[in-house]
Amino acid sequence: MTRHTDVVVVGGGQAGLAAGYHLRRQGLDFAVLDADPEPGGSWRYMWDSLRLFSPAEHSSLPGRLMPARPCGTYPGAGHVVAYLSDYEKRYDLPVQHGTRVDAVCRDGDGLVVETDTGTWRARAVISATGTWSRPFVPAVPGRGRFTGRQLHTVSYRCPADFAIPGDRSARRSVIVVGGGNSGAQIAADLALDGGVQVTWVTRRPPRFLPDDIDGRALFDVATARRRALEQGRGDTGGVASLGDIVAVPPVRAARDAGRLSAKPMFTRLTATGARWADGGHTCADAIVWCTGFRPALAHLAPLDLRGPRGHIATAGTRALGEPRLHLLGYGDWTGPASATLIGVGRAARDAARDIALLLSD
Ligand code: FAD
């Protein structure tokens with residue numbers, strides 16, 4: 001049996017929920033299909049000590065403020081999961097958890113959405129599947145030869161995972177690769193624990209934002225950049241011009257204690273560790289790749305829209321090659337700061353308005 005609706009939203013993380021909020025305001029009928037069995041999107045899988053790079057009240061979806069943390073401390077991932085679960089319930093969003101979308105195909109004047117629990121037919125689709133399911137690890141010489149443990153950000157939990165059983169004095173050696181927020185936070189987590197010998201490696205010297213600047217500024221800067229580009233005033237450089245790493249308290253603590261200094265990228269991996277440009281060698285038990293993600297767009301393959309770097313060309317959130325498809329939340333290429341809690345609301349509002357206009361024709 002095929003079910004019918006105006007709009008299918010693929011993915012029920014923060015981007016899918018923000019889309020639901022605005023589709024409801026437009027008076028459209030819709031369903032949100034989410035592969036995960038429970039609410040929270042990728043926040044359910046983040047490491048134990050992760051801290052948001054903005055205070056709670058600056059990390060909110062449309063309509064409802066995220067509850068503040070005591071003394072304005074930055075929330076952890078569990079707080080976001082609780083907020084998203086409550087958001088879904090409070091707005092009674094029709095999220096069908098445990099439904100994976102396999103394919104979106106054109107069919108006459110509609111789009112057919114094939115899932116592992118049946119078929120939907122919609123007049124428009126919003127894809128909000130995030131990037132978490134597509135961790136990226138760069139091709140590095142010797143990577144296949146390294147015999148220790150290799151893991152990506154998505155599998156990192158806590159320093160205790162690297163402890164040597166039965167020996168509290170021995171320290172594992174771990175190399176953390178990546179100069180972004182994940183790399184800095186995980187390197188700090190390991191360095192502050194004291195049970196791990198950590199070597200932090202970045203392709204270029206790490207660029208910390210000034211200590212008094214957090215994620216709030218990232219949203220403002222992304223917005224200012226979009227305005228400047230729209231008004232033909234040239235590229236202001238956007239978020240990247242500020243720096244790469246928000247100095248959240250644990251990162252600051254590790255940096256100020258002198259435990260967070262980065263080394264330039266190694267030239268190759270060996271069976272037992274990393275070889276440096278000067279010929280030196282560091283033995284390692286494990287490597288944590290904090291090297292980013294790619295958009296999870298496999299379900300859109302039948303639409304044949306993929307361009308360079310696996311992205312789909314968009315005008316705002318709308319796919320250029322398919323006006324009934326919108327992409328939400330993957331990164332700045334689908335709207336300024338649309339891959340953040342505070343930024344996705346505006347992109348979701350624009351997508352819902354655009355779809356309402358299209359369907360009213
Ligand atoms: P996700 O949260 O990944 O949700 C996507 C949902 O789609 C999932 O539930 C998934 O199961 C589902 N899905 C995927 N494929 C399918 C399919 N084929 N069919 C059906 N369902 C599917 N942002 C901030 O604002 N503040 C921060 O401090 C912050 N810190 C971050 C720290 C890290 C380490 C990372 C990685 C990101 C951080 N972000 C932060 C960025 C951003 O908020 C997250 O990436 C956010 O989770 C993206 O939300 P999303 O809804 O787009 O994707």
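A crossing of two helices is called left-handed if the near helix is turned anticlockwise from the far one by less than a right angle. In this predicted model, the crossing of helices H3 and H5 is left-handed. Two packed helices are described by the angle between their axes and the distance between the axes. For H3 (residues 181-193) and H5 (residues 249-256), the angle is about 60° and the axes are 9 Å apart. H3 and H5 are therefore oblique to each other. On the side of H3, the contact is made by Ala 184, Gln 185, Ala 188 and Leu 192, and on the side of H5 by Pro 250, Val 251, Ala 253 and Ala 254. Sorted by class, this contact of H3 with H5 has seven nonpolar residues, one polar residue and no charged residues.

A second pair of packed helices is formed by H1 (residues 14-25) and H2 (residues 77-90), whose axes are 11 Å apart and meet at an angle of about 25°. Angles under 35 degrees count as roughly parallel, and H1 and H2 are therefore roughly parallel to each other. H1 passes H2 in a left-handed crossing. Gln 14, Leu 17 and Tyr 21 of H1 make the contact with Leu 84, Tyr 87 and Glu 88 of H2. By class, the contact of H1 with H2 has four nonpolar residues, one polar residue and one charged residue.

Strands of a sheet pair through backbone hydrogen bonds, either parallel or antiparallel. In the model, an open sheet is formed by five strands in the order E7-E14-E8-E9-E10, and the pairing is parallel. Strand E7 (149-152) and strand E10 (262-264) stand at the edges; each has a single partner strand, so one side of each is left without a neighbour in the sheet. On average, neighbouring strands of this sheet are turned by 25° against each other, direction ignored. The parallel pairing of E7 with E14 (residues 286-289) extends over four bridges. Within E14, Ala 286 stands opposite Arg 149. Helix H3 lies across strand E8 (172-177), strand E9 (196-202) and E14, and runs at about 160° to E9.

At the level of the whole chain, the assignment gives domain 1 (2-133 + 293-360) and domain 2 (149-208 + 244-289). The centres of domain 1 and domain 2, taken over C-alpha atoms, are separated by 32 Å. The contact takes 12 residues from domain 1 and 13 residues from domain 2.

Notes:
Residues numbered from 1 in each chain as written. Predicted model: local features only at pLDDT ≥ 70, side-chain atom pairs only at ≥ 80, totals over all residues. Heavy atoms only, no water. Axes fitted to C-alpha atoms, helices over the stretch in contact; angles between N-to-C directions. Helix = DSSP H or I, 4+ residues; strand = E, 2+ residues; numbered from the N terminus. Parallel < 35°, antiparallel > 145°, perpendicular 65-115°, else oblique. Contact = heavy atoms within 4.5 Å. Nonpolar A, V, L, I, M, F, W, Y, C, P; charged D, E, K, R; others polar. Pairing = 2+ DSSP bridges. Domains from an automatic or database assignment.
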